[in-house]
Amino acid sequence: MGRKILFVTTDQQRFDTLGCNGGTVARTPVVDALAAEGIRYERAVPQSVVCMPSRSTMLTGQHPSTHGVWMNGVPLPVDAPSVAAELHDAGYRTALVGKPHFEPFLDPFGKFRENRVAREGLTGTHRGFEHLEFATHGAQGLLHYAAWIAAEHPEAIGMFYPVLDPTLEVNAMGGGDTGAPQARHNEIPREWYHTDWVADRTIAWLDSLGADDDWFCWMSFPDPHHPWDPPKSELGRVDWRDVPLPDGYPESASEREAILDAKPRHWRMWYDGTLVSNYEAPKHWVPATLTADQVREVNALNAIECELIDEALGRVLATIDARGWGDDVDVVFTTDHGEFQGDFGLLFKGPYHVDALMRLPLIWRPARSAGVAPAVVSRPVGLVDLAPTFCAAAGLPAPAYMQGAALPVSDTDADARRGEQRVLTEWDSELFGVDVHLRTLTRDRWVVTAYRPGYVHDGSEGELYDLVDDPLLRRNLWNDPAHAAVRADLVADLWDHQPPTRHPRLDVLAPV
Amino acid sequence: MASVRHHVQIAAPAADVWRVVGRPELLHLWFPGITSCTVAEQDGALTRTIVTGNGVAMPEQIVTNDALLRRFQYRITAPLFRNHLATIDVLDITGDDEQADTSVVVYSTDAEPAVMALVIGGGTLGALRELQRQFTAGSGPALDAAQAVQEAAAHG
């Protein structure tokens with residue numbers, strides 16, 4: 001009998017939404033306890049800041065350039081490598097419960113298996129997972145949660161905020177108390193909400209296992225990704241009027257605009273509503289219209305969703321303890337990418353490689369039986385390191401196709417085992433004639449982003465931030481002569497370490 | 001209006017490819033994700049209704065079926081679309097110095113709302129690849145059906 005693995009992901013969650021990371025709005029005692037007992041990473045970086053490429057990195061252990069999912073809407077090939085398959089082949093029982101998103105959701109032709117399994121009445125198998133029960137951000141669509149709501153609680157379908165508008169664009173409609181985009185007071189009873197459903201279905205699957213089974217369960221919560229529509233019954237947890245404005249939100253419009261003007265053009269163009277370069281933000285919402293109260297309300301609703309996730313995870317961990325597995329389970333908690341949540345006067349995400357989207361919560365509580373001491377790791381790590389970590393926990397060598405390395409258990413371990421520690425992030429998008437291409441390196445105290453030519457970039461642009469002296473990433477040092485040598489060194493390092501690129505390039509088959 | 005365009009090269013004479021593409025009732029035999037299609041005449045105009053793999057029925061109006069130009073065009077008239085025009089062109093690109101016949105099939109989708117161009121356009125790429133696959137294999141449901149249509153016409 002080996003170590004069992006509970007892999008917990010959320011969707012679009014910021015680093016600072018956890019109490020253990022200094023967050024003060026949401027109460028997250030369950031994850032905080034895992035951090036206290038395990039390893040808390042202070043600089044965990046995604047390889048992409050949107051869902052499909054990032055999730056594909058977690059599954060394959062490869063960078064987006066290599067696995068080929070270079071933007072949302074590009075399906076991960078069904079024969080792509082999978083850590084779940086590695087574990088299953090080694091005798092692990094495997095499940096994926098919650099949000100998958102290795103394949104596009106908008107799928108009228110029913111081409112993608114993720115969208116077919118529920119309709120066909122199935123719960124398996126795909127990409128090495130023998131058990132599948134899928135959910136996403138609401139009750140629409142083709143996944144198991146939507147089918148369950150339709151069958152058991154059809155009156156709840158219309159309670160959720162509609163993620164897409166009637167033209168299938170990301171919805172800009174305001175709601176809540178402040179008219180914030182993608183906010184709603186959701187009448188759904190808490191026990192019908194997808195967060196509790198994901199935990200319930202995870203518990204049901206765990207209960208179906210034999211006591212001696214080794215297992216790998218990816219529990220994938222759709223929240224706190226927008227829409228911010230937690231059950232109305234829970235709104236009393238956090239009164240938005242009491243929520244402080246985030247440090248990253250400059251209250252003065254002139255200050256916001258000056259900061260944005262020091263970054264490459266598409267930042268300010270998006271803020272002003274003159275260019276929406278990607279599908280993931282509402283096309284018809286202008287960030288410059290965002291008010292301080294809307295920032296407060298979005299942060300409050302987000303915090304409520306984080307609290308519900310924390311409690312749902314607590315129920316799953318209680319089940320694990322009740323099964324007698326408590327000492328033999330590795331728990332990894334993270335997310336696929338971050339969320340602006342008011343930073344720079346912005347919401348949502350896009351081709352913007354700053355901490356709001358790139359600094360992720362990551363907690364690893366190794367199985368107690370492994371005897372790993374609690375630690376805080378400050379060295380940069382990537383989501384590309386997760387798959388090798390799962391292999392290591394299972395006692396398997398990491399396959400050669402994986403490009404990361406097992407997570408360090410301390411800074412000393414990181415320095416001894418991983419050498420120069422750099423993490424790469426990439427962005428490519430091409431949507432109706434608008435293309436954006438970014439390559440980013442996180443190393444030492446620096447984050448550097450080089451731009452390739454695109455719709456509004458000539459390839460000379462870039463961003464350089466000092467994470468120590470400028471933790472809010474407000475001063476772009478790219479054109480600062482005093483940092484020319486640092487920039488040159490980092491950019492050379494960035495280009496020297498680009499991952500292999502998949503050929504031929506995969507096609508975009510849907511917007512998301 | 002947003003545009004999405006895909007193409008494939010097929011090692012077959014354009015006339016042979018057109019024998020499949022120009023038959024609107026055969027679309028489901030080479031467009032993965034379309035389970036059936038029904039062609040009817042209504043008020044002198046040809047219409048087609050397709051049913052997708054998710055059980056969605058989409059009505060279409062056939063706009064152009066030009067065997068000389070080898071161009072097929074149709075509009076999806078479902079309420080979700082403010083505007084839609086699909087164009088399939090079969091081009092003969094056989095060069096003078098080549099012995100093998102070669103054609104290119106271009107499948108363009110112009111749609112409003114813009115997102116629908118991507119959603120539908122993603123399906124058209126799969127269709128082109130299936131068409132290419134069947135011609136490369138020398139057989140397949142669409143080719144067999146087109147052959148049957150041709151034989152029936154010859155005997156009829």
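Does A:Phe432 count as buried, exposed or partly exposed, and how many C-beta neighbours does A:Phe432 have inside 10 Å? The answer is partly exposed, because A:Phe432 has 15 C-beta neighbours inside 10 Å. Before going on, keep in mind that this is a predicted model. There are two chains to get to know here: chain A has 512 residues, and chain B has 156. Here's a quick tour, starting with each chain and ending with some backbone details.

**Chain A overall**

- Chain A is built from 14 helices and 15 strands.
- Its radius of gyration is 21 Å, which agrees with the value near 24 Å that a compact globule of 512 residues would have.
- As for burial, 60% of the residues of chain A count as buried.
- Take the contacts in chain A between residues at least 6 apart in sequence: 70% of them join residues at least 24 apart.

**Chain B overall**

- Chain B has 3 helices and 7 strands, and from the N terminus on they run β-α-β-β-β-β-β-β-α-α.
- The globule rule gives 15 Å for 156 residues and chain B has a radius of gyration of 15 Å, so chain B is as compact as a globular protein of that length.
- Along the principal axes, the C-alpha atoms of chain B fill a box of roughly 45 × 35 × 30 Å.
- Here 35% of the residues count as buried.
- Of the contacts in chain B with a separation of 6 or more, 49% come from residues 24 or more positions apart.

**Where the chains meet**

- The two chains touch through 16 residues of chain A and 18 residues of chain B.
- On the chain A side, the touching residues split into 10 nonpolar, 3 polar and 3 charged.

**Helix H10 of chain A and its partners**

- Helix H10 of chain A covers residues 292-322, and its axis comes within 9 Å of the axis of helix H7 (residues 194-207), crossing at roughly 10°.
- That angle makes H7(A) roughly parallel to H10(A).
- On the H7(A) side, the contact includes A:Thr195, A:Val198, A:Ala199 and A:Leu206, while H10(A) brings residues including A:Leu308, A:Ala312, A:Arg315 and A:Ile320.
- By type, the residues of this H7(A)–H10(A) contact come to 9 nonpolar, 3 polar and 2 charged.
- Helix H1 (residues 29-37) of chain A packs against H10(A) too, at an angle of about 60° and with the axes 7 Å apart.
- This time the angle makes H1(A) oblique to H10(A).
- From H1(A), the residues A:Pro29, A:Val30 and A:Val31 meet A:Asp310, A:Leu313, A:Gly314 and A:Leu317 of H10(A).
- The residues of the H1(A)–H10(A) contact divide into 5 nonpolar, 1 polar and 1 charged.

**The nonpolar core**

- In soluble globular proteins, nonpolar side chains tend to be buried together.
- The largest nonpolar core here has 196 residues, and the members that touch the most others are A:Cys217, A:Phe390 and B:Val17.
- H10(A) gives the most to this core, with 14 residues.
- Leaving out residues up to four places away in sequence, B:Val17 touches B:Ile10, B:Ala12, B:Val90, B:Ser103, B:Val105 and B:Phe135.

**Backbone details in the loops**

- In chain A, the peptide bond from A:His226 to A:Pro227 is cis, with omega near 5°.
- You'll find A:Pro227 in the loop between strand E7 (215-220) and helix H8 (253-261) of chain A.
- Chain B has a cis peptide bond from B:Glu112 to B:Pro113, with omega near 0°.
- B:Pro113 sits in the loop between strand E7 (103-112) and helix H2 (114-137) of chain B.
- Back to A:Phe432: its phi is near 50°, a positive value in a residue other than glycine.
- A:Phe432 belongs to the loop between strands E12 (422-431) and E13 (434-443) of chain A.
- A:Arg127 has a positive phi as well, near 55°, and lies in the loop between helix H5 (113-116) and strand E4 (131-134) of chain A.
- A:Arg127 counts as buried because it has 24 C-beta neighbours inside 10 Å.
- A:Thr274, in the loop between helix H9 (265-272) and H10 of chain A, is exposed, with 12 other C-beta atoms within 10 Å.
- From A:Thr274 to A:Val286 is 12 residues in sequence and 8.5 Å in space, C-alpha to C-alpha.

Methods:
Residues numbered from 1 in each chain as written. Chains lettered and ligands numbered in written order. Predicted model: local features only at pLDDT ≥ 70, side-chain atom pairs only at ≥ 80, totals over all residues. Helix = DSSP H or I, 4+ residues; strand = E, 2+ residues; numbered from the N terminus. Rg over C-alpha atoms; globule rule 2.2 N^0.38 Å. Buried ≥ 20, exposed ≤ 12 C-beta atoms within 10 Å, placed from the backbone. Contact = placed C-beta atoms within 7 Å. Axes fitted to C-alpha atoms, helices over the stretch in contact; angles between N-to-C directions. Parallel < 35°, antiparallel > 145°, perpendicular 65-115°, else oblique. Nonpolar A, V, L, I, M, F, W, Y, C, P; charged D, E, K, R; others polar. Core = buried A, V, L, I, M, F, W, Y, C linked by C-beta atoms within 7 Å.
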